[in-house]
Amino acid sequence: MKHRADLLLFPERLTRSFPAATPSTERGLEASGGPAAGAPSTSPRYLLLYLPAFALERCGYQASQHAVCVAEQQGAARVVSLTPTARHEGVRVGMAVAQARALLPELEVIEHDPLAERADQADLLRCFRHLGERLAPWGPGGLLLEIHRVAHLFGGERSLARQVSDRATALGHVACVVVADDPCAAQALAEWGGEDRLVPPGGGAQALAPLPFASLRPSPPLLAATQALGIERVGEWARFEPASIGGRFGVEGLRLLRLARGEPVTPLPWNEPDPGPVIERVVLGGPTSSLGPILFVLPGTLQRLRQQLLARDAMAVRLAVRLVLDRGAPQVIRVRVGTPSRDPDRLESLIRARLERARLTAPAIELHLEVEEHTAERLWQLGLLERSAAAEPLADLIARLTDTLGDDAVFGAAPRASWIPEQAWVPRPFLPGEPLPAPPLHRKADRDPVAIQRQLEPRPAPPRPTVLLSAPMRVQVQVVAGRPAQLRFEGRWHRLQSVEGPERLEPEWWRLDGPHQRDYWAIRFADRTAWCFCDDRKSWFLHGWFD
Amino acid sequence: MAQAVATLEHLRARIAQIEGARVQHRRAPSGVGAIDALIGGLPQPGLVTVHGELGGGCTALVAQVVAAQTARAAPVAWIDAERQIHPPGLAGFGVDLRYLLLVRPPAGHAVWAAEQVLRSGQFGVVTISGIGAVGRGGQRWARAVEQGSCTALVVPQGVGRDLPAAVRLRVDGEGITVVRDRRGGFGRRSALPEPPWAADPWQWHRVTRRLRGIASG
């Protein structure tokens, strides 16, 4: 009865109503235990309480404020959570902070603290514990409740949903409540629909159909593949045959197909209780600005961490070293392990190397070691030829370099089918011997006999410079009879020893922001060979060197 | 007395062990005929500097060494401090991009990054390009190549005099000159090896045959 009393104390919340039910929704309400229903429903039903701005609201920000929560991703501070008002102004998750500030100069920014957020989420969960035993956190800022056995005790699904919504609002959260047959379907409807919703039993497919396919959270390759096929909506995806999808997109494709058809597919969190984070905390003897006391307690802490990993049969992939400071926010240093490991000596050497390069902004009082990412698998060790006995495994070296230099500083390269020289390659993870992605076939080659013949003919690859300037440099060139004759470089004119070209590149003619056509020439002067081009405005640029 | 003798024996054995672990310098075939003929192969471990003007062919020479390494599936690291190395250009020299690790460190981290890669022992050949004065970093690199038992091919921004190189080569667009070699051979000169695509004199013609008329017209 506590929730009833709560509603009486705050009568304005009674005005918050669920959207008017469609005929199908109405049928669903009756079936799910409306006023007439006195017994629990037999088919599983789930209520999702989705709090889009939980990470900010827990820090005291209101939905009406312009505020974002940021974390370091891909070498930059990026938005991970935001208030609805900030979203309305165009800020999006994944956006760099600088970009967000450009949109909203008065934007307030706080650092993402996943540990504290999880603790607050657990507190929030306690506020709803009276609604049922099968209640669990669902993603960041979400709670999932199994309601088909308990809804009739609270006046039916609609009444229960209203109570949950009102309680969340009373706690200061912007909330969205969705009731559906599957938690993932409810999540998609909450995230992309943005309003409270009661999906009748068996009505999942109809409710999901108008949503974008991305709302089902497919993996990036599957999303790219469906985009290439022109599939935009969940409804279009649901029309395919399972055999057709299974053959092309495997287990993931089939799972999303079943989800799109309104079938329950999601494993439930209460079947496998969350063992919680792998974390070890140590209180240092006193505030310290030197590394000595921290390094002293590190081996013992790692030994205890190893015990936790052993109990889960897991290996650490990424660690967070959190130094709680005497004043100010904790200092967090993230360490990639490279080859997954729980060996304390190896972890210690990696952490020590990072700590020795770190500077404490204030005396440290506590050390927290958390395994942010772990795996049960022993990943394949890269082949190292005759250097297999090298001091440091390649994966560790790459992880260490990436930690220090940034995500985009260490990579392999793969050619890319582009006429624009700057875009003729893409970075990729370095895996020695891993085949490079094959260049895509020209679409016309499927049916055009000339295109097919061209693909079969061995064509010489035009020479490309070994050094490409980050931006073409304007130069002066004297042209005689349509061919370059002299080049002005470093303050004086050079007579050209030889000239090869032109090679005309007409990249992306549809772009409006630059010259469409370039005639490239290999120009040799003073025993140096430059790669220059003349654009369609007859301006000359130096773009690279055959160094 | 017996204990003193045992201690002495132990110390002698320890000295022999340390002396035995001394770095053995050798010259390994580079896979590029011109280099092998000039200096007898790449010093391993050792530093080799290749300097010359931009556009003179330094990177091309190094790319051919890298191509020979990757052709036998040996991974090679390339520290690109200026962030201007163009992988398709390297591929034109036969570099197998599957075995090429590119490191583009932010400003100020290049010397450190190169030292870590050299010391790791994961790469037989490490190329470092676009780095200016390295100061004491040169001595650290020299120790790192010994620990990693590898060859560092350095294409410095200038001449790279501050590097303790076993071999210095100058490339001037037409040939390679040995400026320094610890085994002798100062002043020897050889022609630059031709790039693979230069072996086909009609290549440019074939690529551009349809376009000559447009430009000259």
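Because the model is predicted, local features are reported only at pLDDT of at least 70 and side-chain atom pairs only at pLDDT 80 or more, whereas totals for chains, interfaces and linings use all residues. Residues are numbered from 1 along each chain as its sequence is written, chains are lettered from A and ligands numbered from 1 in the order in which they are written, and side-chain values use heavy atoms, with hydrogens and water left out.

The size of an interface is often given as the accessible area lost when the parts come together. Chain A and chain B bury about 5200 Å² between them, 61% of it on carbon and sulfur atoms, where buried area is the accessible area (1.4 Å probe) that two parts lose on being put together, summed over both. To the contact, defined by heavy atoms within 4.5 Å, chain A gives 61 residues and chain B gives 58 residues. One salt bridge is counted between chain A and chain B, the term denoting a side-chain nitrogen of Lys or Arg within 4 Å of a carboxyl oxygen of Asp or Glu. Arg528(A) forms a salt bridge with Glu53(B), with 3.6 Å between the closest N and O atoms. Twelve residue pairs are in polar contact across the interface of chain A and chain B, both residues being at pLDDT 80 or more; a polar contact is a pair of N or O atoms within 3.5 Å, of which, within protein, one must be able to donate a hydrogen and the other to accept it, and residues adjacent in sequence count only if both atoms are side-chain atoms.

On the side of chain A that touches chain B, two or more residues come from each of α15 (394–405), β13 (410–415), β14 (425–428), β15 (467–480), β18 (498–505), β19 (518–525) and β20 (528–535) of chain A; helices (H or I, at least four residues) and strands (E, at least two) are DSSP runs, numbered from the N terminus. The largest share of this side, seven residues, is contributed by α15(A). By class, the residues of the side of chain A that touches chain B comprise 37 nonpolar, eight polar and 16 charged, with Ala, Val, Leu, Ile, Met, Phe, Trp, Tyr, Cys and Pro counted as nonpolar, Asp, Glu, Lys and Arg as charged, and the others, Gly among them, as polar. Strand β13(A) is also joined to strand β5 (residues 100–103) of chain B by two bridges, in an antiparallel arrangement, and Phe411(A) has Leu102(B) as its bridge partner in β5(B). Strands are taken to pair if DSSP finds at least two bridges between them.

Within chain A, an open sheet of four strands with antiparallel pairing has the order β9-β12-β10-β11. Strands β9 (278–288) and β11 (331–341) of chain A stand at the edges, each with a single partner strand, so one side of each is left without a neighbour in the sheet. The twist averages 20° from one strand to the next. Ten bridges link β10 (residues 315–325) and β12 (residues 364–375) of chain A in the antiparallel sense, and Met315(A) has Thr375(A) as its bridge partner in β12(A). An open sheet of five strands in chain A, ordered β5-β6-β1-β7-β8, has mixed pairing, and its edge strands, β5 (135–137) and β8 (197–198) of chain A, each pair on one side only. In the antiparallel sense, β1 (residues 46–50) and β7 (residues 176–180) of chain A pair over five bridges, with Val177(A) in β7(A) as the bridge partner of Leu49(A). Strands β16(A) and β17(A) form a hairpin with two residues between them, and Glu490(A) in the turn has a positive phi of about 50°.

Most residues other than glycine have a negative phi, and most peptide bonds are trans. Ala526(A), which is not a glycine, has a positive phi of about 45° and is placed in the loop between β19 and β20 of chain A. A cis peptide bond, with omega about 0°, joins Gly501(A) and Pro502(A), and Pro502(A) lies in strand β18 of chain A. In chain B, a cis peptide bond joins Gln44(B) and Pro45(B), with omega about 0°, and Pro45(B) is found in the loop between β2 (42–44) and β3 (46–51) of chain B.

Over all chains, the structure holds 31 salt bridges. Asp123(A) forms a salt bridge with Arg126(A), the closest N and O atoms lying 2.1 Å apart. Asp123(A) and Arg126(A) are separated by about one helical turn, because they are three residues apart in helix α6 (residues 114–127) of chain A.

How values were computed
Axes fitted to C-alpha atoms, helices over the stretch in contact; angles between N-to-C directions.
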